Amino acid sequence: MTTFIGREQALVDVTELLRTSRLLTLTGTGGVGKTRLALQVAAALQHRYPQGVWLAELAPLADPAGVPSAVAAAVAVREEAGQPLLTTLVAALRSRHLLLVLDNCEHLLDASAMLVEALLRNCPRRRSWPPAARPGGRGGKRVAGALAGAAQCPAAAAA
Ligand SMILES: Nc1ncnc2c1ncn2[C@@H]1O[C@H](COP(=O)(O)OP(=O)(O)OP(=O)(O)O)[C@@H](O)[C@H]1O
Ligand SMILES: [Mg+2]
């Protein structure tokens, strides 16, 4: 990865939002740095997720029906005969505590939202990490805004 410049507050804010939320959506105009920020946060938080952080790059995908298989490939889950892939994916991720970054799903919104919703509904909430200590205060800073129902670009879902 290239050097990450500035955006320290955004890093802090996104980290705090991920600490308290299972789904976070980063939105903004093209080229503003959504992907770079997501990757930076994911790298910095790797140690917080025992089963790691994973990136599903959805930009090349044209068919919404391919979302489950793109995500399954990203997290190394194999399709099982006679079983819907989404069922297999949910079953596999239920026991994993991981951070999943879906990048560029704005053209696959419904399919991405459906997948994220299935994961959030069926995978248990995991224990979070403690808030970062702040000079002159107890606990972490509250950050306004939080979850988005529809995954946009990119969404990070912590299962
Ligand atoms: N904080 C940063 N430090 C260094 N380079 C950055 C930073 N943020 C973005 N960039 C660079 O700027 C370019 C655009 O960033 P990025 O791809 O993250 O934008 P984006 O918002 O995801 O765009 P798109 O909407 O097209 O997906 C990339 O080359 C990226 O490496
Ligand atoms: Mg991007």
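How many aromatic pairs does the structure hold? In this predicted model, the structure holds 1 aromatic pair, formed by Y49 and W129 in an edge-to-face arrangement, with 5.7 Å from centre to centre and 80° between the planes.

**Aromatic pair**
- The pair links distant parts of the chain, since Y49 lies in the loop between α2 (34-44) and β2 (53-57), while W129 lies in the loop between α5 and β4 (155-158), 80 residues apart.
- Y49 counts as buried because its relative accessibility is 3%, and W129, with a relative accessible area of 11%, is buried as well.

**Nonpolar cores**
- The largest nonpolar core has 25 residues, of which V71, L89, L93, L100, L102, L115 and L119 touch the most other members.
- At least two residues of this core come from each of α3 (67-74), α4 (85-94), β3 (99-103) and α5 (109-122).
- Another core, of 16 residues, lies apart from it and includes V41, L99, V101 and W129.
- In soluble globular proteins, nonpolar side chains tend to be buried together.

**Ligand 1**
- Ligand 1 is surrounded by 14 residues, the closest being I5, G31, K34, T35 and R36, and this shell divides into 3 nonpolar, 8 polar and 3 charged residues.
- Oxygen atoms of ligand 1 lie 2.7 Å from a side-chain N or O atom of K34, 2.8 Å from a side-chain N or O atom of T35 and 3.5 Å from a polar side-chain atom of N104.
- Of the 630 Å² of accessible area that ligand 1 has on its own, the protein covers 63%.

Note on methods: Residues are numbered from 1 along each chain as its sequence is written. Chains are lettered from A and ligands numbered from 1 in the order in which they are written. This is a predicted model: local features need pLDDT of at least 70, side-chain atom pairs count only at pLDDT 80 or more; totals for chains, interfaces and linings use all residues. Side-chain values use heavy atoms; hydrogens and water are left out. A residue is near a molecule or strand if one of its heavy atoms lies within 4 Å of it. A polar contact is a pair of N or O atoms within 3.5 Å; within protein, one must be able to donate a hydrogen and the other to accept it, and residues adjacent in sequence count only if both atoms are side-chain atoms. Accessible areas come from the Shrake-Rupley method with a 1.4 Å probe; for residues, only the protein chains shown count as cover. Ala, Val, Leu, Ile, Met, Phe, Trp, Tyr, Cys and Pro count as nonpolar, Asp, Glu, Lys and Arg as charged, and the others, Gly among them, as polar. A nonpolar core is a set of buried Ala, Val, Leu, Ile, Met, Phe, Trp, Tyr and Cys residues joined through side-chain atoms within 4.5 Å. Buried means under 20% relative accessible area, exposed over 50%, partly exposed in between (1.4 Å probe, protein chains only). Helices (H or I, at least four residues) and strands (E, at least two) are DSSP runs, numbered from the N terminus. Rings of Phe, Tyr and Trp (its six-membered ring) pair if their centres lie within 6.5 Å; planes under 30 degrees apart count as stacked, over 60 as edge-to-face and the rest as tilted.
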